[in-house]
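Subject: Structure handover

Hi,

Here is the structure for you to look through. Please open it first, then read my notes below.

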Amino acid sequence: MRPKASQDIAEARDKGDLSENAEYDAAKEAQGLLEMRIAKLEEVYSNARLIDESQLDVSKALVLSNVKIKNQSNGMEMKYTLVAESEADLKTGKISVTSPIGKGLLGKSVGEVAEITVPNGVLKFEILEISRD
């Protein structure tokens with residue numbers, strides 16, 4: 001992507017007066033956005049660490065835990081995987097440990113009830129199962 005951004009800038013520069021060259025401005029803006037994205041990915045990568053899932057404690061809900069919970073108000077059961085904010089995807093059952101539900105589940109053990117404050121009030125979830133599969 002970087003070579004393409006540089007090529008776009010060079011082509012726009014070749015078209016003449018830069019003060020009124022919309023293509024040049026657009027190419028420079030695209031390059032700036034690309035550089036910001038690269039910097040963010042480099043930051044994430046530099047802070048990443050490998051986790052040996054076989055060594056994780058399954059007695060408590062932690063990052064990478066699969067947690068089966070039961071909503072005490074309606075009896076509905078759900079299963080979520082607790083993940084980092086950048087990996088959250090509710091469609092696939094991955095919730096962020098920084099979300100209200102994720103925060104409420106962290107550190108809880110099977111049999112405990114997590115009381116989680118959400119905009120509509122307080123939800124109570126019983127922890128039914130914790131696994132790492």
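A polar atom of the Ser109 side chain lies 3.0 Å from the backbone oxygen of Ser59. For reference, a polar contact is a pair of N or O atoms within 3.5 Å; within protein, one must be able to donate a hydrogen and the other to accept it, and residues adjacent in sequence count only if both atoms are side-chain atoms.

This is a predicted model, where local features need pLDDT of at least 70, side-chain atom pairs count only at pLDDT 80 or more, and totals for chains, interfaces and linings use all residues. Residues are numbered from 1 along each chain as its sequence is written, and side-chain values use heavy atoms, with hydrogens and water left out.

Back to Ser109. It sits in the loop between helix H3 (100-105) and strand E4 (113-118). Helices (H or I, at least four residues) and strands (E, at least two) are DSSP runs, numbered from the N terminus. Is Ser109 buried or exposed? Ser109 is buried, at 19% relative accessible area. Buried means under 20%, exposed over 50%, and partly exposed in between (1.4 Å probe, protein chains only). Setting aside neighbours within four places in sequence, Ser109 is in contact (heavy atoms within 4.5 Å) with Ser59, Lys60, Ile127 and Ile130.

Next, the salt bridges. There are three in the structure. Each is a side-chain nitrogen of Lys or Arg within 4 Å of a carboxyl oxygen of Asp or Glu. Side chains of opposite charge can pair when their charged atoms come close.

- Lys68 pairs with Glu77, with the closest N and O atoms 3.5 Å apart. Lys68 is partly exposed at 28%, and Glu77 is partly exposed at 44%.
- Lys79 pairs with Glu129 (4.0 Å, N to O). Lys79 lies in strand E2 (residues 77-83) and Glu129 in strand E5 (residues 121-131), so the pair ties together parts that are 50 residues apart in sequence. Lys79 is partly exposed at 42%, and Glu129 is partly exposed at 33%.
- Lys124 pairs with Glu115 (4.0 Å, N to O). Lys124 is partly exposed at 39%, whereas Glu115 is exposed at 54%.

Please look at these spots in the model.

Best wishes
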